[in-house]
Amino acid sequence: ASGNPNLKQQTASTTKIMTAIVALENAAYEQVFTVAAEHTQIEGSSMYLREGERYTLIELLYGMLLTSGNDAADVIADGVFSSEEEFVAKMNETAIRLGMLNTNFTNPTGLPDSKSYSTAYDMALLMAYAMENDTFAEICGTREYIIGTRTVVNHNKLLWMCEGVDGGKTGYTDAAGRCL
């Protein structure tokens, strides 16, 4: 049974599931991205990137999915296509392709925006699709990962608390509340 599966709500950092899928489907896993000054100034959760640092797509995905790094999401969105706007357009194209008919993304991070929304049903479609990608599933189910001198720890405590949990993505903003 489900309650309100088609209620449109903001998705907070669960948006990063789509960001990861778009990146994995449109960039080489070893593509190197350079952190720009504007990436270090984004609000919210961060993996604390510094201007000029260089990371592979896979390293940024670990930082984005485990610690919910908005900075990593921004670097990815700016680097996969020619602009963040083009990346977000691809997020929405992918949502339509997956049958997510009550979804609209406006940024790669899930930071609050009244024009960004999805439903529990649509996000379930997305997560089921994402978990079919072996790389996404591996990252999402990792408890901690070392990137250079950083250790990133997964915010999804269900990986420790519930036997059989093999992935997922958490999120929180005041506007969206707690998301899983």
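**Note on the predicted model**

1. The side chain of asparagine 133 reaches the backbone nitrogen of phenylalanine 136 at 2.9 Å, and that side chain also reaches the backbone nitrogen of threonine 135, at 3.0 Å; a polar contact is a pair of N or O atoms within 3.5 Å, where within protein one must be able to donate a hydrogen and the other to accept it, and residues adjacent in sequence count only if both atoms are side-chain atoms. Asparagine 133 lies in the loop between helix H5 (120–130) and helix H6 (134–140), helices (H or I, at least four residues) and strands (E, at least two) being DSSP runs numbered from the N terminus. With a relative accessible area of 18%, asparagine 133 is buried, the cut-offs being under 20% for buried, over 50% for exposed and in between for partly exposed (1.4 Å probe, protein chains only). Once its neighbours within four places in sequence are left aside, asparagine 133 is in contact (heavy atoms within 4.5 Å) with Ile21, Leu24 and Tyr29.

2. This is a predicted model, in which local features need pLDDT of at least 70 and side-chain atom pairs count only at pLDDT 80 or more, while totals for chains, interfaces and linings use all residues. Residues are numbered from 1 along each chain as its sequence is written, and side-chain values use heavy atoms, with hydrogens and water left out.

3. As to the overall make-up, the protein has 7 helices and 6 strands, and from the N terminus on its elements follow the order α-β-β-α-α-α-α-α-β-β-α-β-β. Of the 180 residues in the protein, 49% are buried, and among contacts with a separation of 6 or more, 64% are between residues 24 or more positions apart.

4. On the H1 side, Lys16, Thr19, Ala20, Ala23 and Leu24 take part, and they meet Leu57, Ile58, Leu61, Met64 and Leu65 in H2. Sorted by class, this contact of H1 with H2 has 8 nonpolar, 1 polar and 1 charged residues, where Ala, Val, Leu, Ile, Met, Phe, Trp, Tyr, Cys and Pro count as nonpolar, Asp, Glu, Lys and Arg as charged, and the others, Gly among them, as polar.

5. How much of H2 is buried? The helix is mostly covered, with 9 of its 10 residues buried, and these include Leu60, Tyr62, Gly63 and Leu66. Just after H2, serine 68 takes a positive phi of about 60°.

6. In the segment before H1 stands threonine 11, which is buried at a relative accessible area of 6% and whose side chain makes a polar contact of 2.5 Å with the side chain of threonine 15. Serine 82, by contrast, is exposed at 66% relative accessibility; this residue sits in the loop between helix H3 (70–80) and helix H4 (84–97), and its side chain is joined to that of glutamate 86 by a polar contact of 2.6 Å.

7. Threonine 34, in strand S1, counts as partly exposed at 40% relative accessibility. Its side chain makes a polar contact with the side chain of arginine 54 at 3.0 Å, and, neighbours within four places in sequence aside, the contacts of threonine 34 are His39, Gly52, Glu53, Arg54 and Val75. Threonine 34 and glycine 79 are separated by 45 residues in sequence but by 8.2 Å in space, C-alpha to C-alpha.

8. Glutamate 43 belongs to the loop between strand S1 (32–34) and strand S2 (54–56) and is exposed, with 56% relative accessibility. Not counting residues up to four places away in sequence, glutamate 43 touches Asn70 and Leu111.

9. Strand S3 (residues 144–147) and S4 run antiparallel and are joined by 4 bridges, two strands being paired if DSSP finds at least two bridges between them. Glutamate 144 stands opposite valine 153 in S4, and in this hairpin, which has 2 residues between the strands, glycine 148 takes a positive phi near 60°. Strand S4 (residues 150–153) has Arg150 and Val152 on its covered face and Thr151 and Val153 on its uncovered one.
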